[in-house]
Amino acid sequence: MNSDSYFAIYDFALMPYALGDVLTWNVHSAIRCEALGRKKVDIFICLDERFPSNLYQREFATAENSGLLFNELFGAFGTQPKLGNLFFYRQREEMLARLRELAGNDPALAAPVDDYERTVAAREDSDALNRYFIRNAYSHEAINAFYREQGRIPLLRPSMGCEPDVAGLVTRRFAGKKIVAVHMRLRRLDIGYGGEHSYSRDSDFAEWLEFLREAARKHPEVQFVAMGRRQEKPLEMLQLPNVTCLRAWGLGLGHELTLLRQSDLFIGASSGFAAMAYFSPAPYFITRMTEGACKAYDLDFGVKRFPFGSERQILVYEPETKDLLMGLLERGLAGTPPRGGVSGTLDKAIDVKSWEWERATWLFPSATTYRFFDNADFADKETAFLLWPRIKEAQAAWREGSADRAWAILERIEANFPRLCAKFPEFLRLRLELASKRNDLQAIETCQAKLAELAARERGLPGLARAVRRFVARGFPAAMRFKYLWKRKHRIPVKLAQFIRQVASR
Amino acid sequence: MTAGRPYCAVYDFELMPYALGDVLTWNVQTAIRCEQLGRASTDIFICVDERHPASLYQQGVITPQNCALFMDELFAAFGTHPKPGSILVYRRREELLARLREVAQGDPVNAEVLADYEQVLARRANDDAVIEYFTRSLHSHEQINDFASKHGNIPRLRSCIGCERDVAALIANRFSDKHVVAIHMRLRRLDFGLGGEGTYARDSVFHAWYEFLKEAASCHPDARFVALGRVQEKPLELLKLPNVTSLRLLGLGLGHELSLMLRSDLFIGTSSGFAAMANFSAVPYFITNVTAASCKAYCIAHPAERLPFATERQRLIYEPETRELLMQLLERGLRACAPGPTRMEAAPHLASHRL
């Protein structure tokens, strides 16, 4: 470790498995890092199965599930404003030994280690544990003080590695939309995840659902993104057309935190995700503010903003109702233009040969996925892509004179994917040829009608332009293959030599 | 004096790939070294340095902007290590090296690890040196097979840290009257963005799998198939089948999938990442799409029916995947199971009940 590092300790025997606490702790430790004139924070996490739970989660966190609870929070540690290395210890004495060693060489860092050791030694003393937690995560006192002194605080950053995926989502899938991140806290739905004592902080599901339904009619330009574990999301809400859950597309907490930071607005209960909002530049309304929350935030009850909050970052104390939520939405988005970007509508036509190009247009540079769709049109396009080798097999069989085999392949495909086959031109053309050979009048008629229907959709200049674009795009896979080989051109002599050796040894 | 110290193993993503199968194989390789050297646990040193984000095999796909996400997606795989110690993630290589040098002082075992690592770093501009290091320390099963022939067994991968209870509950409740068959249909060509364009030839035959699963729903209603892997690799049509579940859509992750494999009645899947979990576990399996290149990596003759450390119910399959073949494998695999699935009681302290 360099002398430009500050080290911050998160021991799950002392601190909770809780998103808001990890995020607040990130800001506390970044402030201490700055105060000591250090450049980055090395995070020391202690997850010792012999001491799996803290004072607040003893009934819930156990040796068996503590690793998972930590894993679920991993993306949150990645938002640390001054992230350095991440050390994950499973034996506390090993972490302590290392910390003592470091503090020995760097007296400026001795105080946090002493504080930690003292608290560990007093772990049966709930007052000592409470004080440690309040000082290091819960209370905003030090954050507010830092703000008063500096006029700013270190803000949370996008979670490590998640920015390109989120950029793709924002500029492509949600192009033309206003993005509103929402967190309807419903911990009572997520039993198994603890927090029974905090059910009173939950949101009002019926009011939220009515609000989201009405927003779909009144504000179709708004795309809501529901934050949090799928286990906390009512299935009814996930079925709403204007609500998306990133987890359904294979994305995770890190992506959600990154997206929240880039949203046009966040509306959510005073809970974990709210901490990401208030330590970010995103405009927000944090609802369900209580006296307890104000105490933690070191604010007078009823105050509308954090000391470090901007004009568009507001705390809300009134109960959540459909009308209140709608009012907040309209106020929060007033004057916000829809997102720019390449407009995100899927070309409904199936053109299997240009699909690799088409999907590549959805992939943002350095993103790990483009697949932000789950509708029938998308399913048909990707299924056609996967079935294309089978169609080619049928075409080859037909060319070789095995009409029956070709027909059998097509029959099997149609039996499984009838909706797709009705709009898959290569399938229909081959089936038409085979049906003509078999003199199957009904099949001929059906194929002709469907092909005529597909052709009708492509009439006119826009249709012609699309057809030309797709035709050109058919060269995309070959271009990609060439690019792949070109990058590895320096390996060609080695590969050639290996090949010659192999041939010679035979 | 040094015997109580952990063995240090380095996974530097500039030298080794972001790939599930490779991390799992590396876990076993390093557990073997740990055992041979008489150490009780392995401290895992991970280097994910944005200045050197990708290995020879993944340049262009993995960049400074996304390397941390790739690492995050694999993190749970490190949690299956047979002899886990601490996991230390370094974002600056020089800091990892400095720490390793400290640890190696007066500890010949870890001094050797350091020397080996420093040597390959010094030669990392030379592709052949990197390939040799990768093959020796990870890819080749030579050391694993030697260990098995000497000891009659190998260190097996364990359930991912923390996931055991959720998986136990899933099996005891949702799948209580079913045979659980974990499947991995490799379809990397669908998961565009994750790279691997050079390996599309190893992909599964979608139509064969789809027909097989559809038929299995009527022939074997007692079988529940759990499709492993990223949601992005799963065809939407496949996920609609009533007898197929994806744990990711239930809010669970890679760690759960790896843990569930260990409790499955059978695994059927392509020779790819999840197959490594099966290889290094006791779960009965059929690994399909095994090729001459796979055999070379496994250090076995082509076409050997089993890995040297495999049980009678762990088989390698070389024939092309067809509906009929997959159905035969399923029936053969289930015949050997107990007549009725026997499941443990629901476990307390779950992180999720909504399974």
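A:Arg438 has a relative accessible area of 41%, so this residue is partly exposed. That label covers everything between buried (under 20% relative accessible area) and exposed (over 50%), worked out with a 1.4 Å probe and protein chains only. A:Asp404 comes in at 59% relative accessibility, so A:Asp404 counts as exposed.

Before going on, some ground rules. What you see is a predicted model, in which local features need pLDDT of at least 70 and side-chain atom pairs count only at pLDDT 80 or more, while totals for chains, interfaces and linings use all residues. Residues are numbered from 1 along each chain as its sequence is written, chains are lettered from A and ligands numbered from 1 in the order in which they are written, and side-chain values use heavy atoms, with hydrogens and water left out.

## Charged pairs

Side chains of opposite charge can pair when their charged atoms come close. Here, such a pair is called a salt bridge if a side-chain nitrogen of Lys or Arg lies within 4 Å of a carboxyl oxygen of Asp or Glu. Counting over all chains, the structure has 69 of them.

The two residues from the opening are one such pair: A:Arg438 and A:Asp404 meet through their side chains at 3.8 Å, N to O. They sit 34 residues apart, A:Arg438 in helix H18 (residues 425-438) of chain A and A:Asp404 in helix H16 (residues 403-416) of chain A, and so link distant parts of the chain. Helices (H or I, at least four residues) and strands (E, at least two) are DSSP runs, numbered from the N terminus.

A:Arg152 and A:Glu34 also form a salt bridge, with 2.5 Å between the closest N and O atoms. This pair spans 118 residues: A:Arg152 is in the loop between helix H6 (141-150) and helix H7 (163-173) of chain A, while A:Glu34 belongs to helix H1 of chain A. A:Arg152 is partly exposed at 37% relative accessibility, and A:Glu34 is partly exposed at 22%.

## A sheet across both chains

Six strands make an open sheet with mixed pairing, in the order S1(A)-S2(A)-S3(A)-S3(B)-S2(B)-S1(B). At its edges are strand S1 (5-11) of chain A and strand S1 (7-12) of chain B, each pairing on one side only. On average, and ignoring direction, neighbouring strands of this sheet are turned by 15° against each other. Strands count as paired if DSSP finds at least two bridges between them.

At the meeting point of the chains, strand S3 (residues 83-89) of chain A pairs with strand S3 (residues 84-90) of chain B in the antiparallel sense, over three bridges. A:Leu86 has B:Val89 as its bridge partner there. Helix H1 (residues 19-35) of chain A packs on the sheet, touching S1 and strand S2 (40-46) of chain A, with its direction at about 155° to that of S1(A). Contact means heavy atoms within 4.5 Å. Angles run from 0 to 180 degrees between N-to-C directions, with axes as lines fitted to C-alpha atoms (for helices, over the stretch in contact).

## A sheet within chain A

Chain A also has an open sheet of six strands with parallel pairing, ordered S6-S5-S4-S7-S8-S9. Strand S6 (243-244) and strand S9 (313-315) of chain A are the edges, each with a single partner strand, so one side of each has no neighbour in the sheet. Strand S7 (residues 265-269) and strand S8 (residues 284-287) of chain A pair in the parallel sense over four bridges, and A:Ala269 is bridged to A:Thr287 in S8(A).

## Cysteines and chain totals

A disulfide would be a pair of cysteine sulfur atoms within 2.5 Å; over all chains the structure has zero. Here are two cysteines that are in no disulfide.

Chain A as a whole has 22 helices and nine strands. Of its 506 residues, 56% count as buried.
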